[in-house]
Amino acid sequence: MQSRSRNPRPDPGSLPMRLTSALLGLLVILVSSCELRKERMFRRSEFLMDTIVTITVVSGSKGKADEAIGKAFGELERLEGLLDFFSPASEISEINREASAAPVRVSQETFDLLERALEVSEKTDGAFDITVGAVVSLYDFQGKKSPPAGLIRERLPLVDYRNVILDRETMTVKLAREGMLIDPGGITKGYAADRAVEVLRSEGIRAALVAVAGDIRGYGSKPDGSPWRIGIRDPRGKGREDVIATVELKDMAISTSGDYERFFIQDGKRIHHLIDPRTGYPARGVISATVLAPLAVYTDSLATALFISGVERGLEIAETLGFDALIIDDEGGYHMTESLRGRVEFTKGAV
Ligand code: ADP
Ligand code: MG
């Protein structure tokens, strides 16, 4: 104050004036870099894990977005190598080849995932059961052939999650019966979506949507501040874009299991890939089951479990676990958990 009153008209070369113009210059740079950094959505799809994976990230920089997306896809490739049922080099194949003879030591990651799978089996009275592999592998969806009844009957005793023995001390997996096959296909896609999200977060991405086919996890919001919106497919509709409803996805995961994903028609019956572990046949009564929960590893496995469990028991399981669910029965009727009501916007046939 004092210096100002002594020097009312500062000359342009004075320190305060130089500071002011420097600050103004800085402001111009900041404003223009904000313009440059305007957030946008960057999206890439790849064929991985036997399906189409789409990763969308929100970022102010294309370079940063590309790098983060690349690393997330790298993580999915790594998981495919670890968990693929069909690849002889995966840990799952090693278990399937050797674990009925002697315990097989696996990575902590595979061990943890198997433990989760068994936890879901316990919570769903075995409706979700990764040991369905012994029966699922009998169905030929490409050749449109289902196995003879005798063979299903023969293999059915090999389906029981309680015969997977995990020992955390030694990090080993043992299969109690010879011929058992672990098929983690009903939980790996959700787990992969979770892992991709972790990678994107650690790359500094503030919002993203990872869709491993129907197993989707999102966090943050779109560049305009609005939440991610996910469509729930019409199970008898014209294709992927034909939806019956949409739901907001705020820091959540969503999965749908449907009888339209992999199927063929035989003698007028739809033979699909969601097998009831109690019978060895495709589950009947439900045509689509959707679950919402914080982690995709749970939504993926539970969507399968709810599909198998049927409307009544399915909703009961979801309510008990505190997750939301929407189940469509084989007459096209919609059924949902109480807390989901009002959060789903139906585009076809209201409830
Ligand atoms: P999608 O593969 O269409 O997303 P899911 O996530 O529900 O469907 O997983 C279906 C896959 O899970 C099947 O292809 C099969 O490998 C396996 N599977 C089938 N029935 C069961 C079951 N009852 N419990 C666990 N896994 C199952
Ligand atoms: Mg699933």
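I take domain bounds from an automatic or database domain assignment, and I count a residue as near a molecule if one of its heavy atoms lies within 4 Å of it. On that basis, the shell around ligand 1 draws at least three residues from each of domain 1 (43-82 + 186-346) and domain 2 (86-182).

I note that this is a predicted model, in which local features need pLDDT of at least 70 and side-chain atom pairs count only at pLDDT 80 or more, while totals for chains, interfaces and linings use all residues. Residues are numbered from 1 along each chain as its sequence is written, ligands are numbered from 1 in the order in which they are written, and side-chain values use heavy atoms, without hydrogens and water.

I looked up the shell next: 18 residues surround ligand 1, with Asp183, Ser257, His273, Ile275 and Thr304 the closest.

I then checked polar contacts (pairs of N or O atoms within 3.5 Å). An oxygen atom of ligand 1 lies 2.5 Å from a polar side-chain atom of Thr304, and for Ser257 I find a polar side-chain atom 2.6 Å from an oxygen atom of the ligand. A polar backbone atom of Asp129 is 2.9 Å from a nitrogen atom of ligand 1.

Terms used: A polar contact is a pair of N or O atoms within 3.5 Å; within protein, one must be able to donate a hydrogen and the other to accept it, and residues adjacent in sequence count only if both atoms are side-chain atoms.
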